[in-house]
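Please find my notes on the model below, as numbered points.

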Amino acid sequence: MEKTYDLKYTTAEEAVKIVKSGDRLHWPCVAAAPELLIQALVARAPELQNVHITHLYTEGYADYVLPQYADNFHLDSFFVGGNVRKATQTGYADYIPCSLSDTARIIRDGFQPTDGVFLTVSEPDEEGYVSLGTSVDCTLAAVEQAHYVIAQVNKYMPFCYGDARIHVSKITAFVRHDVPLLEAEFPALTPQDAAIGKLAAELIPDGATVQVGIGSIPNAVLAQLGGHKDLGIHSEMFSDGVLPLIDKGVINGRKKKIDVGKHVATFLKGTQKLYDYVHRNPDVLMQDVAYTNSPAIIAQNPKVVALNSAIQIDLTGQVCADSIGTKVFSGSGGQLDFMLGAVASEGGIPIVAMPSITAKGISKIVPTLADGAGVVTPRTVVHWVITEFGKVNLFGKPMQERARLLISIAHPSAQEALDRAAFERFGPRWK
């Protein structure tokens with residue numbers, strides 16, 4: 001049994017008493033959000049006013065955005081998850097438009113000051129280091145700036161390396177709370193997903209360094225890569241879909257120019273199988289988001305494949321990925337970071353892959369973006385676009401040719417209306 005460093009624990013209720021009105025708090029994302037501490041904070045709501053909160057995407061408990069706590073807590077998130085989406089869209093919470101690569105700088109340079117940080121960490125090692133585990137993101141920057149840090153120690157949090165290790169001397173108070181981490185669910189791939197995955201996989205060369213996320217399309221792409229060789233991972237996150245490819249030796253990182261042989265991410269979400277794999281695994285580096293998402297860092301690896309999706313793309317190639325009209329749905333995330341990194345990478349391949357229509361049968365390729373929609377990736381950066389009906393490369397193409405290419409991979413039910421819109425836009429030379 002591994003020897004660990006002894007800690008003195010207190011209760012969550014005692015620990016959060018350090019928070020005072022007007023404080024600015026931060027906590028990590030997804031599986032690392034420290035729910036017990038957050039609940040204890042919300043229980044103190046009658047004693048607190050105007051406590052400001054920032055974080056990336058979280059899941060689960062988020063009562064601090066409920067209308068009854070509007071005077072007590074205010075959330076400005078860097079990415080909008082489903083648990084805070086309604087509050088953000090109705091004005092009880094807000095969104096900070098930014099690429100993930102900038103989130104650490106926003107904190108370090110004081111654009112979003114931090115008084116306190118809540119963490120979930122692993123058990124300490126024999127040298128007195130705990131690990132941020134599945135979520136380094138911009139939380140490391142917040143720890144560096146904070147006046148106090150409260151850590152929820154959880155034996156289920158994997159001990160990860162890279163920038164994830166912090167010494168216990170940086171932490172003000174420790175609370176013990178052992179609970180299994182939030183796990184992802186993976187629905188079965190649809191024929192549409194499989195078609196998109198096959199088309200995307202055809203573009204990925206051997207030796208590529210791949211950005212992969214979570215969801216049906218990334219999983220569909222990964223499922224098609226079993227015959228590839230010497231792939232690497234440098235991504236803001238990865239999930240269980242990479243594990244079979246690592247086991248087969250398909251993903252080994254040998255052809256990377258930086259972090260050779262390492263699987264690099266800044267946060268993780270998956271099943272217990274993934275969390276077991278990354279625990280004390282020196283092949284996995286959990287790095288500061290300012291590193292993982294820096295286009296200049298990304299571009300140092302050759303053949304970077306950036307795989308991203310979209311809510312809408314217009315006939316000129318503008319990509320909306322954060323909002324439905326004026327309503328923020330998610331966030332810019334790392335899409336532009338990795339698209340720019342892939343563009344600058346030697347042999348890089350930026351991809352936008354999406355179903356041609358929504359679940360309600362509405363075309364995702366549109367004449368113009370919805371009123372108020374955010375452009376996450378400008379048309380100057382977009383190269384490959386994939387739907388289940390094909391793949392096209394817009395790079396270097398004039399506007400009318402872009403429109404023709406995009407209409408060719410739109411859903412058949414939308415093509416006639418898109419063609420009419422293109423004629424109205426481009427005039428008599430259209431077709």
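1. Strand E6 is largely enclosed by the rest of the structure, because six of its six residues are buried. This is a predicted model, and the points that follow should be read with that in mind. Both faces of E6 are covered. Gly116, Phe118 and Thr120 are buried on one side, and Val117, Leu119 and Val121 are buried on the other. In a regular strand the side chains alternate between the two faces of the sheet.

2. E2 and E6 run parallel and are joined by two bridges, with Leu25 having Gly116 as its bridge partner in E6. E6 also pairs with E8 in the parallel sense, over six bridges. There, Leu119 has Ala151 as its bridge partner in E8.

3. These strands belong to an open sheet of eight strands with parallel pairing, in the order E1-E11-E8-E6-E2-E3-E4-E5. Strand E1 (9-10) and strand E5 (94-95) stand at the edges; each has a single partner strand, so one side of each is left without a neighbour in the sheet. Elsewhere in the order, strand E3 (residues 51-54) runs parallel to E4 and is joined to E4 by three bridges. The bridge partner of Ile53 in E4 is Leu75.

4. What lies across this sheet? Helix H2 lies across E2, E4, E6, E8 and E11, and runs at about 125° to E8. In H2 (residues 35-43), the buried residues are Leu37, Ile38, Ala40, Leu41 and Val42. An α-helix has 3.6 residues a turn, so residues three or four places apart point the same way. The buried residues of H2 pack against strands E2 (24-26), E4 (73-77), E6 (116-121), E8 (148-153) and E11 (173-176), and also against helix H1 (12-15).

5. Which residues have the most contacts inside the largest nonpolar core? They are Leu119, Phe238 and Val242, in a core of 74 residues. Helix H6 (residues 191-203) supplies the largest share of this core, with five residues. Apart from this core lies another, of 32 residues, with Leu48, Val51, Tyr64 and Ala173 among them.

6. Not counting residues up to four places away in sequence, Leu119 touches Pro28, Pro34, Leu37, Leu132, Thr139, Val143, Val149, Ile150, Ala151, Gln152 and Ile166.

7. Thr134 sits in the loop between strand E7 (129-131) and helix H5 (139-145). Is Thr134 buried or exposed? Thr134 counts as buried because its relative accessibility is 1%, and the cut-off for buried is under 20%. Leaving aside neighbours within four places in sequence, Thr134 is in contact with Ala31, Ala32, Met157, Pro158, Leu181, Thr266, Phe267, Leu268, Tyr275 and Met286. The C-alpha atoms of Thr134 and Ile362 are separated by 36 Å, and the two residues are 228 places apart along the chain.

8. On cysteines: how many disulfides does the structure hold? It holds zero disulfides. For Cys138, the nearest cysteine sulfur is that of Cys29, 7.8 Å away, and Cys138 is in no disulfide. Cys138 is buried, with a relative accessible area of 0%. Cys320 is likewise in no disulfide; the nearest cysteine sulfur, that of Cys98, is 16 Å away. Cys320 is buried too, with a relative accessible area of 0%.

9. Asp230 is placed in the loop between helix H7 (216-222) and strand E13 (232-234). The side chains of Asp230 and Asn252 are joined by a polar contact of 2.9 Å. Not counting residues up to four places away in sequence, Asp230 touches Gly207, Ala208, Val250, Asn252, Arg254 and Lys255.

10. Finally, three strands form an open sheet with mixed pairing, in the order E20-E19-E24. Strand E20 (319-320) and strand E24 (365-366) stand at the edges, each with a single partner strand, so one side of each is left without a neighbour in the sheet. Strand E19 (residues 312-314) and E24 run parallel and are joined by two bridges. In E24, Ile365 is the bridge partner of Ile313.

Key: Residues numbered from 1 in each chain as written. Predicted model: local features only at pLDDT ≥ 70, side-chain atom pairs only at ≥ 80, totals over all residues. Heavy atoms only, no water. Core = buried A, V, L, I, M, F, W, Y, C linked by side-chain atoms within 4.5 Å. Buried < 20%, exposed > 50% of the residue type's maximum accessible area, 1.4 Å probe, protein only. Helix = DSSP H or I, 4+ residues; strand = E, 2+ residues; numbered from the N terminus. Contact = heavy atoms within 4.5 Å. Disulfide = S-S within 2.5 Å. Polar contact = N/O pair within 3.5 Å; in protein donor to acceptor, adjacent residues only side chain to side chain. Pairing = 2+ DSSP bridges. Axes fitted to C-alpha atoms, helices over the stretch in contact; angles between N-to-C directions.
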